[in-house]
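Visitor: Please take me through the model shown below, and spell out the cut-offs behind each term as we meet it.

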Amino acid sequence: MISRENLIVNLILIVIGLLLLAAIYFASRWNLIAGALVLGVSLFLWLFITPKNYNSDPAGDGMEAGFDMILNIIKAIVLPIVFYISIKNNEPDSALRTAMIVLILYFTKRLIWTKL
């Protein structure tokens, strides 16, 4: 059962996620490079505020958290580049819609498996 505190935290995270997705969408509609930069910052912020749930001893949890942060930085650099290239080389409207659907699914998956 979800406690009241976890429900409030989940609602706050959902609002933050929706604001980040809206910022990515409108920045991408305005300027593609700005959209890619907003995507990188938003993705890193989302990955930072929704940490994974580690199930090991304290030393293993610390190592996993450190490697996870390194991977989050790599994701925040590589995914905006892929986003920019895919929208630049395809029809912008359909590629942006597809990218937003994938981001919604990714943000939702991360929210479900986050440690609260």
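**Helices, rings and burial**

Visitor: At roughly what angle do the axes of α2 and helix α3 (residues 58-89) cross?
Guide: The axes of α2 and helix α3 (residues 58-89) come within 9 Å, axes being lines fitted to C-alpha atoms, for helices over the stretch in contact, with angles running from 0 to 180 degrees between N-to-C directions. Helices (H or I, at least four residues) and strands (E, at least two) are DSSP runs, numbered from the N terminus. The model is predicted, and local features need pLDDT of at least 70, side-chain atom pairs count only at pLDDT 80 or more, and totals for chains, interfaces and linings use all residues. For α2 and α3, the axes cross at roughly 155°.

Visitor: Does that count as roughly parallel or roughly antiparallel?
Guide: Angles under 35 degrees count as roughly parallel, over 145 as roughly antiparallel, 65 to 115 as roughly perpendicular and the rest as oblique. The crossing angle of α2 and α3 is roughly 155°, which makes α2, relative to α3, roughly antiparallel.

Visitor: How many nonpolar residues does the contact of α2 with α3 have?
Guide: Contact means heavy atoms within 4.5 Å, and those taking part include Leu 39 and Leu 43 of α2 and Leu 79 and Phe 83 of α3. Ala, Val, Leu, Ile, Met, Phe, Trp, Tyr, Cys and Pro count as nonpolar, Asp, Glu, Lys and Arg as charged, and the others, Gly among them, as polar. Beside three polar and two charged residues, the number of nonpolar residues is 16.

Visitor: How many nonpolar residues does the contact of α1 with α4 have?
Guide: The axes of helix α1 (residues 4-30) and α4 come within 11 Å and cross at roughly 160°, which makes the two roughly antiparallel. Among the residues making the contact are Leu 13, Gly 17 and Tyr 25 of α1, together with Leu 103 and Phe 107 of α4. Three polar and two charged residues take part, and the nonpolar residues number 12.

Visitor: Is the pair of Tyr 25 and Phe 26 stacked or edge-to-face?
Guide: The structure holds three aromatic pairs, where rings of Phe, Tyr and Trp (its six-membered ring) pair if their centres lie within 6.5 Å, and planes under 30 degrees apart count as stacked, over 60 as edge-to-face and the rest as tilted. The ring centres of Tyr 25 and Phe 26 are 5.2 Å apart and the planes stand at 80°, so the pair is edge-to-face.

Visitor: How far apart in sequence are the parts that Trp 46 and Phe 107 tie together?
Guide: Trp 46 and Phe 107 form a stacked pair, with 4.9 Å from centre to centre and 5° between the planes. Trp 46 lies in helix α2 (residues 32-49) and Phe 107 in helix α4 (residues 92-112), so the parts tied together are separated in sequence by 61 residues.

Visitor: Is Ser 42 buried or exposed?
Guide: Buried means under 20% relative accessible area, exposed over 50%, partly exposed in between (1.4 Å probe, protein chains only). Ser 42 is found in helix α2 and, leaving aside neighbours within four places in sequence, is in contact with Leu 20 and Ile 24. The relative accessibility of Ser 42 is 5%, so this residue counts as buried.

Note on methods. Residues are numbered from 1 along each chain as its sequence is written. Side-chain values use heavy atoms; hydrogens and water are left out.
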